[in-house]
Amino acid sequence: MFRSGITQVAFTFASPILTGVVLGSVIGGFVGYPTEWTATGAISGIAFGLLTTQ
């Protein structure tokens, strides 16, 4: 499915970030702080993405 290893790493790294942003946005919409929760979700996604690509 993936043509190169770099593409696979990019998708593996990007998917937790996008998931974190979406979850953070949804939680923030319910709580009333969408910007803060979206940023927190993005940071968590980056951390998880770094852990999964190593």
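Helix α1, residues 5-31, supplies the largest share of the nonpolar surface patch, with 6 residues. Welcome to this predicted model, a protein with 2 helices and 0 strands. Here is a quick tour, starting with that patch.

**The nonpolar patch**
- The patch covers about 820 Å² of surface and is built from V22, L23, V26, I27, F30, V31, Y33 and W37.
- One of these patch residues, I27, sits in helix α1.
- I27 has a relative accessibility of 35%, which is why I27 counts as partly exposed: the buried class ends under 20% and the exposed class begins over 50%.

**Helix α1 and its partner**
- P16, I17, G20, G24 and G28 are buried in α1.
- What do the buried residues of α1 pack against? They pack against α2, residues 34-53.
- After α1 comes G32, with a positive phi near 110°.

**Overall shape and surface**
- The C-alpha trace spans about 40 × 20 × 10 Å along the principal axes of the protein.
- The radius of gyration is 13 Å, whereas a compact globule of 54 residues would have one near 10 Å.
- Of the 54 residues, 17% are buried.
- The accessible surface of the protein is about 4100 Å², and carbon and sulfur atoms account for 73% of that surface.

Note on methods
Residues numbered from 1 in each chain as written. Predicted model: local features only at pLDDT ≥ 70, side-chain atom pairs only at ≥ 80, totals over all residues. Heavy atoms only, no water. Patch = residues over 30% accessible without salt bridge, like charges linked within 9 Å, V, L, I, M, F, W, Y side chains within 5 Å. Areas by Shrake-Rupley, 256 points an atom, 1.4 Å probe, with all protein chains shown as cover. Salt bridge = Lys/Arg side-chain N within 4 Å of Asp/Glu carboxyl O. Helix = DSSP H or I, 4+ residues; strand = E, 2+ residues; numbered from the N terminus. Buried < 20%, exposed > 50% of the residue type's maximum accessible area, 1.4 Å probe, protein only. Contact = heavy atoms within 4.5 Å. Rg over C-alpha atoms; globule rule 2.2 N^0.38 Å.
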